[in-house]
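Trainee: Please take me through this model, one question at a time.

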Amino acid sequence: MALRTIRTEGDPVLSKKCRPVEEITPRIRELITDMLETMYDACGVGLAAPQVGILKRIVVIDVGEGPIILINPEIVESSGEQTGEEGCLSVPGMSGQVTRPNYVKVKALDMDMKEAEYEGEELLARAFCHEIDHLDGKMYTRLVEGELHHVTYDDEEE
């Protein structure tokens, strides 16, 4: 297991479309393990393979309910609407208001290349949309309503 470098906005890899995963190899397993470790180390709730420089359709998410690994994910259903603060590990220290579906159903492959479906509401739905956008070279900054602003934490001095 190893921490990977998170690519930041402006890196050309973040604007490229990712290729589907055809088989689970030891390198893919290692990548997924590294992505989870990198996401947790950075205190994120999601990470897509292009954010660590790999153009594969792989996403890891954990909104506090345990890790979800999505291989070749696609959104098959969505409904409702939510607007809320969104940030990204590839745009450190910044966030903005983004409108996303409130409910999302995702079809993906698991680590055994078996098809699985996941459903999410609120934060999980937002994470599904945000991370899957990364696989198509789309950054959340294109969806921000108004201006991006610096993230401030409660324990920071004003």
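Mentor: One term first: buried means under 20% relative accessible area, exposed over 50%, partly exposed in between (1.4 Å probe, protein chains only). The model is predicted: local features need pLDDT of at least 70, side-chain atom pairs count only at pLDDT 80 or more, and totals for chains, interfaces and linings use all residues. Numbering starts from 1 along each chain as its sequence is written, and side-chain values use heavy atoms, without hydrogens and water.

Trainee: Is E117 buried or exposed?

Mentor: E117 sits in strand β7, residues 115-121. Strands (E, at least two residues) and helices (H or I, at least four) are DSSP runs, numbered from the N terminus. The relative accessibility of E117 is 52%, so E117 counts as exposed.

Trainee: Which residues does E117 touch, leaving out those up to four places away in sequence?

Mentor: Contact means heavy atoms within 4.5 Å. Q82 is 35 residues from E117 along the chain, and their C-alpha atoms are separated by 22 Å. The residues that E117 touches are K105, V106 and K107.

Trainee: How many bridges join β3 to β6?

Mentor: Strand β3 covers residues 68-79 and β6 covers residues 103-109; they run antiparallel. E74 stands opposite K107 in β6. The number of bridges joining β3 to β6 is six.

Trainee: Which backbone oxygen does the side chain of R126 reach?

Mentor: R126 belongs to helix α2, residues 123-135. R126 is buried, at a relative accessible area of 6%. Its contacts beyond four places in sequence include Q82, E85 and R100. At 3.2 Å, the side chain of R126 reaches the backbone oxygen of V98.

Trainee: Which residues are linked with R126 in a network of salt bridges?

Mentor: Side chains of opposite charge can pair when their charged atoms come close. The cut-off for a salt bridge is a side-chain nitrogen of Lys or Arg within 4 Å of a carboxyl oxygen of Asp or Glu. By this rule the count is nine. The network links R126 with E86, R100 and D133.

Trainee: What does the salt bridge between R4 and D34 tie together?

Mentor: The closest N and O atoms of R4 and D34 are 2.9 Å apart. R4 lies in the segment before α1 and D34 in helix α1, so the pair ties together parts that are 30 residues apart in sequence. D34 is buried at 2%, whereas R4 is partly exposed at 25%. The parts tied together are the segment before α1 and helix α1.

Trainee: Which residue forms a salt bridge with R57?

Mentor: R57 is buried, with 13% relative accessibility. The closest N and O atoms are 3.1 Å apart, and the partner is D136.

Trainee: How many disulfides does a search of the whole structure find?

Mentor: A disulfide is a pair of cysteine sulfur atoms within 2.5 Å. The sulfur of C43 is 15 Å from the closest cysteine sulfur, in C88, so the two are too far apart for a bond. The closest cysteine sulfur to that of C88 is in C18, at 13 Å, again too far. The number of disulfides found is zero.

Terms used
A polar contact is a pair of N or O atoms within 3.5 Å; within protein, one must be able to donate a hydrogen and the other to accept it, and residues adjacent in sequence count only if both atoms are side-chain atoms. Two strands pair if DSSP finds at least two bridges between them.
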